[in-house]
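Here is a short report for a first look at this structure. Keep the view open while reading.

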Amino acid sequence: MYIMHCTFSSLPMNPSHAQDEHEVPAQPVAETPVDYMAHIKGMRFFDPHIHMTSRTTDDYQAMADAGIVALIEPAFWLGQPRTGLATFKDYYASLVGWERFRSSQFGIKHYCTIGLNSREANNEALAEEVMELLPLFAYKEGVVGIGEIGFDDQTAAEEKFYRAQLELAKEANLPVQIHTPHRNKKEGTERSMAIALEHGLDPGMVIVDHNNEETVKSVLDRGFWAAFTIYPFTKMGNERMVEVVRQYGPGRIMVNSAADWGISDPLAVPKTAALMVMRGISPDAIRLVTYQNAIDAFAQSGQINEADFATPMLIDQSEKFNGNTILRGGQQPRRDASSLLIK
Amino acid sequence: MTLPDLFNETAIESEKAWLAQKQAAPMPAKLAAFVAVPRFVSRRPVPQQPDWTMDRLARVLLLTAIPADDEAAYVKAIETLFDTAEMQELAALYTALPYLAFPQKWHFRATEAVRSNMGPVFDAIAFGNPYPAQYFTEAAWNQLVLKCIFNDKPITRIHGLLDRANATLAHDISEFAHERWAAGRTVPAEVWQLVPRFMNETLLADVKKLLQSPSKADREAARQVCEATDYNAAKQLMYNA
């Protein structure tokens, strides 16, 4: 642990999702361990923003155990810029192919949003080619929106491709999942909404992501959906989230983990639900912000059938591939993580 | 029953009308329709063909409506669909291989499906699909069968299984069994039906071992090998038993 700590402090990482630079990471607080799972027993969750290509099978198993029945994986960058069109194509194909299958093995319904992320919009020549590729994927089964798109640095190139993708969303009649920037967040959020309205999008078709206490009021007032990312150190903490729901109510608010290849938590949604239970938020409100609102927003794509995951999904044995990656021949699909013996 | 009959028997009117319109549409619209199928044809089993679903059948029918007069254009269109396919589309494309023009052109693609770790994609080439038996090289065929065995999938659902049995495959099955046995694991008894025509001393030893197996299925499989083979030492085992 000590070595890990040193590594991280000597090599500061550019965080994947939010970092409000004036926000200082909280000091770890000693807590009594709480069996939070007992508070959410039998509840179902929908995580509308999580990057599963960066997560392990252990994460999938833990998510299924915690009650996550469906998720949305927005198209994203890889932590470093891609250098060619073919890697974009393969990435999009993996979101509707291998990752979708991998998720199904744990009984979790996998949807995705397709888009050119804001950082990579800055490589204009490549971005132009990617724009030609996007329609091939935007109309695929299980693609529930154009995302995550928006601003990072708020450059002219970012604005150009943000606008172009809003047009694609309109054309395909798909919801839009907007990533709001880490720096100048308030301004970037306002600008993202103004441009969406300028292009004639119905705010009811737009999910503004990575909100905080500073941005939420305006987003809700203008009729957009407000998503909150519970992401350690750099974004919302779940205690703050409880207070946001207490103040604004559950309407058009949704919680996600945005877990990815950074230090993040794929159980952020169920953990936040448990904290809400413990702090007296009503069951109806919890259900809305951790399940139903995300479904209502993204089901406008016509690509979500709640029946596919509302009842416990039977893991189709014929779809279980005992290959040399996930489930080895003859092995029970469930691994006993606490066992010393690996059979 | 022809594929169109199979579809029309189960499809509702709106599905039939949509498919007929798209089959007659110009090429780009046809390709877009291939992607859009689940929006217009619901995913439910084809009653007479339980491995297929109605949306997959509709996709295969759209592919058969692609004009094959220009080979280069035809191959390019199909390759584009493969390159950008999601999981169900891939399964439909592989299911359609026996119905496509220029069948030899798809050999490499078909072996890619054997390499796939997506269950529905692998199953689409492996089970009830006449393409591998007809066009696979021996090496590709053996890989298909061995991968099925390795993954505990039922080889009996492979089209043409016994017709394409060969000595190399019999050898590979024996090797695989030794590896599994050494690891304290088992081999599905049905694999031994692929060895009677290729018996040798090694396989004879395997059969002897199987006759002593605690598994009834293993013992029965060994007896069937002895009955089916012309290899005298194996036939002898039965007389002695």
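In which helix of chain A is A:L126 found? A:L126 belongs to helix 5 of chain A, which covers residues 124-138. This is a predicted model.

Is A:L126 buried, exposed or partly exposed? A:L126 is partly exposed. A:F88 lies 38 residues away from A:L126 along the chain. The C-alpha atoms of these two residues are separated by 9.8 Å.

## The sheet of chain A

Chain A has an open sheet built from eight strands. Their order is 1-2-3-4-5-6-7-8, and the pairing is parallel. Why is one side of strand 1 and of strand 8 of chain A left without a neighbour in the sheet? Strand 1 (45-47) and strand 8 (253-256) stand at the edges, and each has a single partner strand, so one side of each has no neighbour there. On average, neighbouring strands of this sheet are turned by 25° against each other, direction ignored.

Strands of a sheet pair through backbone hydrogen bonds, either parallel or antiparallel.

Take one pair from chain A. Strand 5 (residues 176-179) and strand 6 (residues 206-208) run parallel and are joined by three bridges. Which residue of strand 6 is the bridge partner of A:Q177? That partner is A:I207.

Helix 7 of chain A spans residues 185-198. This helix lies across strand 4 (143-150), strand 5 and strand 6 of chain A. Helix 7 runs at about 175° to strand 6 of chain A.

## Chain B as a whole

Now turn to chain B. Its secondary structure comes to 14 helices and two strands. The C-alpha trace of chain B spans about 70 × 35 × 30 Å along its principal axes.

Chain B has 241 residues, and 38% of them count as buried. Consider the contacts in chain B between residues at least 6 apart in sequence. Of these, 62% join residues at least 24 apart.

Helix 12 of chain B covers residues 201-211. Its buried residues are B:L203, B:D206, B:V207 and B:L210. These four cover an arc of only 100° around the axis, so they sit on the same side of helix 12 of chain B.

What about the other side of helix 12 of chain B? There, B:E201 and B:A205 are exposed.

Conventions
Residues numbered from 1 in each chain as written. Chains lettered and ligands numbered in written order. Predicted model: local features only at pLDDT ≥ 70, side-chain atom pairs only at ≥ 80, totals over all residues. Pairing = 2+ DSSP bridges. Axes fitted to C-alpha atoms, helices over the stretch in contact; angles between N-to-C directions. Contact = placed C-beta atoms within 7 Å. Buried ≥ 20, exposed ≤ 12 C-beta atoms within 10 Å, placed from the backbone. Arc of directions from axis to C-beta.
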